[in-house]
Structures are given as structure tokens and as C-alpha cells.
There are 2 protein chains.
Amino acid sequence: MSTSSRFAVAVHVLTLMAWSKDEPLKSEQVAESVNTNPVVIRRILCELAHFGLVVSQTGSMGGTKLARQPNEITLLDIHQAVESRGVFSLHRQPPNRDCPVGVNIETVLGDVLGEVNSAVDHVLAKITIEDLALRLQPCVSTAEKARH
Amino acid sequence: MSTSSRFAVAVHVLTLMAWSKDEPLKSEQVAESVNTNPVVIRRILCELAHFGLVVSQTGSMGGTKLARQPNEITLLDIHQAVESRGVFSLHRQPPNRDCPVGVNIETVLGDVLGEVNSAVDHVLAKITIEDLALRLQPCVSTAEKARH
DNA sequence: TATTCTGTAACAAGAAGGGTAACAAAAGCA
DNA sequence: TGCTTTTGTTACCCTTCTTGTTACAGAATA
């Protein structure tokens, strides 16, 4: 599996921003919700900004907010922004080129990887940040009720 | 992405065994094709054996061969045998439970992960070792021709 | 019994991710 | 202008995961 949690954190952050509407959030506030260090958040925010998913503002009263509407940001956008590599890796060392299997297995496996990645992308492309915010809503309502 | 190459190596190994029909292969021979150490191969072979995909035999004239026909071994079988975890990870540290987003994001993300993993499994389940061996065939034939 | 394998443990080396501190640059404010 | 706040970015350490390697017990065969 992906050993990194960047995708999960990025989705968390953007959902948070959809939640807070147009008010810019500081990396400090976001880090508190994600339970990590502000620099970790800024690193991810920076990648998201390069992909045009968020806009940041330095200085006091600064912070970061969504660059588009929540229904215009898909999980595929986010995945491409923060996880450069696909889902699987091939061989670390190239196989033996003198073996009929070894010399061609990478090509064949590459095709399989392509199919897998397409399937993943297809799922992620159908889900937007707005969807996640809506899925979150009932949970939050329940939590609110429980508090009373 | 998966930082490990176990899946790629496992597929390579099983394709090699499909290629060599019923003749048992030694970890030494396999390692040569994969271009790695025999112990690395034996480790993976051991996991595959536990899942009933291969059978091994100790002693001289020993080795490992497929436990089923190549068309009865899917990439999903292999993936489940050697990559215990799914495709994505969630947060490393649990998010802040005092935040309405933080307290529920893992549940929502877990659902998404489920959808993604299902899609991956569906692709892998449709491809067998026999398919890969057949896809390999034309490449090998071309290579043979080029040699003359 | 000697040989040839697998199964498995132990350990070193390397890579990747994440936490942390530090600092320049930008933006707002007195 | 000078101070404060916040982002953007770098550098470094620590932990975890994977792989390479050596070593050795146990099983199978001649």
C-alpha cells in the first residue's frame, strides 16, 4: 500500500476548508485538526496550491482557502497533486535480460499497472470534496445530538 | 504507492513457473532471473505456499512448482498472498476528536478506500498467470527472431 | 552418511515518510 | 518605517519498511 498518509491528510484538509466556507484557515489550525505539525500541512498545501486546488495568503490575517467550489474538486485531483507515483511498483533491480521471462515481464506488468491505475482513477474521479462534506454531515449531526 | 516490489516479484516468479511447466525450480535459478538473492525469493515463495499457490520440496532434486494450473491463479490471489495491506493508508496519528471533521473523516475515508480496493481487486481478479504467460509469448518470439 | 535443498532467524544497509527547528519573504498594521 | 503574523522552503533527525546477506536447522534423496 501507499506507505504515506499524504492523500488522507490532503483530503482531510480540503474537507476542512469546504467546511469553513470562504474563511482562510491557518496551517496552525489545520494541523490541530489533523493532529500533526504545521510544516507538514504547509508542505501538502503547497503541492495543492501548485495544482490550483487552494490559494494561500501570507501575512497576518492570511491563511489558505479552496480555489474552487467543493463540487469542482475531485479526489482524483487531490491524488494526482500529492501522490506522484501510482499504486504499485515494479522490480527494484531490473530483471535478468538473458531470461525470456525476465526480459519482458516488466513490459507485461506495466500494462497491468496501467489497468489498475485507470480503475483507481475512475473511482476517485467520481467523488468530490462536496460529496465527502455531505457524507460527514450525518455523523456530525449525530455527534451533536449525543452531546445534548 | 506500494514501496515494496513483492507483488511484482511474486508475479514474475509464478510466471516463470508456468513457463517451466511441471519442472520444480530452485530458489537459486529463480533468483537469477529476478536478479536478487535466493533468500528473498524463498521468503516470497513461502508466503505463496501458505496461500496454496505453490508447493515446495526440500532435498536434492527439490524446488518449487505451481500448486494449480496457471489459469487457476489470479493476480488477486497473488496480491492477497504477498501484500497484506490495501492500496492506501489513512492518517498515521488519529485526527483530533474534538473537531467535527477530524472525528469523522476516518470513517468517510475508510468507505472511499473500500471502493478503491474493490476496484483494484476486480481488475486483478480478471487476470491469470496463464494470461501473462500468453502476453509474454509474442515478446519472446520477437526476441528469438531477432537473435537469428 | 553425505549432499542438496527449503524454511527461518538475525542483522546491516538503504530509502521514504514524518516531526521539528530555523529563516527569508510577503502582507497587514501601528 | 518598523513590528507582527503567516506562508514557503530548507535542513536534519528519527522511525519504519524493504531488501540483501550470512548462517544454520531440518527434510529429502542418492
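## Helix α1 of chain B and residue B:Ala8

Helices are DSSP runs of H or I with at least four residues, and they are numbered from the N terminus. In this predicted model, one such helix, α1 of chain B, contains B:Ala8. A residue is buried if 20 or more other C-beta atoms lie within 10 Å of its own. B:Ala8 has 24 C-beta neighbours inside 10 Å and therefore counts as buried.

Part of the surroundings of B:Ala8 comes from the other protein chain: B:Ala8 touches A:Ser89, A:Leu90, A:His91 and A:Leu109, when residues up to four places away in sequence are not counted. Within chain B, B:Ala8 and B:Ile78 are 70 residues apart along the chain, and a distance of 9.6 Å separates their C-alpha atoms.

## The contact between chains A and B

Chain A and chain B each bring residues to their contact: 55 residues from chain A and 55 residues from chain B. On the side of chain B that touches chain A, the elements giving two or more residues are α1 (6-19), α2 (27-34), α5 (105-125) and α6 (129-147) of chain B. Of these, α5(B) provides the largest share, 11 residues.

What classes of residue make up the side of chain B that touches chain A? This side has 32 nonpolar residues, 18 polar residues and five charged residues.

## The packing of α1 and α2 in chain B

Helix α1(B) also packs within its own chain. The axes of α1(B) and α2(B) come within 10 Å and cross at roughly 120°. Angles of 65 to 115 degrees count as roughly perpendicular and those over 145 as roughly antiparallel; the angle between α1(B) and α2(B) is therefore classed as oblique. The crossing in which α1(B) passes α2(B) is right-handed.

On the α1(B) side, the contact is made by B:Val9, B:His12, B:Val13 and B:Leu16, which meet B:Val30, B:Ser33 and B:Val34 of α2(B). The residues of this contact comprise five nonpolar, two polar and no charged.

## Helix α4 of chain B

Is helix α4 of chain B mostly covered or mostly uncovered? This helix, residues 75-82, is mostly covered, since six of its eight residues are buried. The buried residues are B:Leu75, B:Asp77, B:Ile78, B:His79, B:Ala81 and B:Val82. They pack against α1, α3 and α5 of chain B, together with α5 (102-125) of chain A.

## The surfaces near the DNA strands

DNA strand C is surrounded by 32 residues, and the closest are A:Ser5, A:Val39, A:Gly59, B:Ser56 and B:Ser60. At least two residues of the surface near DNA strand C come from each of α3 of chain A and α2, α3 and β2 (63-66) of chain B. The largest share, six residues, is supplied by α3(B). The surface near DNA strand C divides into seven nonpolar, 19 polar and six charged residues.

DNA strand D is likewise surrounded by 32 residues, the closest being A:Ser56, A:Ser60, B:Ser5, B:Val39 and B:Gly59. Here α2 (27-34), α3 (38-50) and β2 (63-66) of chain A, together with α3 (38-50) of chain B, each supply at least two residues. With six residues, α3(A) gives the most to the surface near DNA strand D. This surface has seven nonpolar, 19 polar and six charged residues.

## Two residues with positive phi

Most residues other than glycine have a negative phi. A:Asn35 has a positive phi, near 70°, and is not a glycine. A:Asn35 is placed in the loop between α2 and α3 of chain A. Because A:Asn35 has 17 C-beta neighbours inside 10 Å, it counts as partly exposed.

B:Lys21, also not a glycine, has a positive phi of about 55°. B:Lys21 lies in the loop between α1 and α2 of chain B. Is B:Lys21 buried or exposed? B:Lys21 is exposed, because 9 other C-beta atoms lie within 10 Å, and a residue counts as exposed if there are 12 or fewer.

Note on methods. Residues numbered from 1 in each chain as written. Chains lettered and ligands numbered in written order. Predicted model: local features only at pLDDT ≥ 70, side-chain atom pairs only at ≥ 80, totals over all residues. Near = placed C-beta within 6 Å. Nonpolar A, V, L, I, M, F, W, Y, C, P; charged D, E, K, R; others polar. Contact = placed C-beta atoms within 7 Å. Axes fitted to C-alpha atoms, helices over the stretch in contact; angles between N-to-C directions. Parallel < 35°, antiparallel > 145°, perpendicular 65-115°, else oblique. Left-handed = near helix turned anticlockwise from the far one by under 90°.
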